Amino acid sequence: NNQLSSPALAALGQAKLIKYYHDFFSQQGIQIAQVLLSANSFKNRPRFNLLKETLLQLASNRIIPIINENDTTVLKDTFGDNDFLAAIIAVLVDAQKLVFLTDLDGLYSSDPKIDKNAWIIQEVKSVDLEIQRMCSKQTSSLGHGGMLSKLKGAKLATTCGIETFIISGLKPDNISGLLLKNQSICTRFFAQKNKLSERKKWLLIGAISQSRII
């Protein structure tokens, strides 16, 4: 009857969550792997390269990695949410596209749950301050990242040349419609054309590190 701490609950939940993914993908004949990360996974360049090699090796063997933050060991160093972690992984593996799923059809001019006159922004060429002011800081009922977090992830990904999308995850055909037909209602963030070197990508991701300017 003792109350469990958050890390203990995370350890308990990880086993149940990965079993859910395993059972679901097994029905499709697909293998999965679990990868638990912390900010320390990216601070060291050799670790960074090893993680990239591991993820690419899994992908080349048609094994889908289920990636999450290791909530049982995290103290102060944290990604904040899975939106930014997803952007980091997209940059790490040189993904062609990054797709954020939410309970809205995309980025709106204001919170459509409050403002009936809000309109969806279909294309964003640059994640500037004006765009960030438009987004709602409110989180969805299914997560705690919020739209601002997705914009942060989109800015990182597009800076590294990865086209990014925000679409509703509540509509089953949205992902296939977007990736196969490019027809889903969504917000599209254009990738910047400048190509960063692997070292510069690592330095950019290093914003999550403990380094300080004194």
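Helices (H or I, at least four residues) and strands (E, at least two) are DSSP runs, numbered from the N terminus. The structure is a predicted model, in which local features need pLDDT of at least 70, side-chain atom pairs count only at pLDDT 80 or more, and totals for chains, interfaces and linings use all residues. Residues are numbered from 1 along each chain as its sequence is written, and side-chain values use heavy atoms, with hydrogens and water left out.

Helix α3 covers residues 45–60. Phe-48, Leu-51, Lys-52, Leu-55 and Leu-58 of α3 are buried (under 20% relative accessible area; exposed is over 50%, partly exposed in between; 1.4 Å probe, protein chains only). These buried residues fall within an arc of 130 degrees seen down the axis of α3, so they line one face of the helix. The arc is taken from the directions from the helix axis to the C-beta atoms. An α-helix has 3.6 residues a turn, so residues three or four places apart point the same way. On the other side of α3, Pro-46, Leu-50, Glu-53, Gln-57 and Ser-60 are exposed.

Arg-62 is exposed, at a relative accessible area of 72%. Asp-94 is partly exposed, at 31% relative accessibility.

Notes:
Expected span 1.5 Å × (residues − 1).
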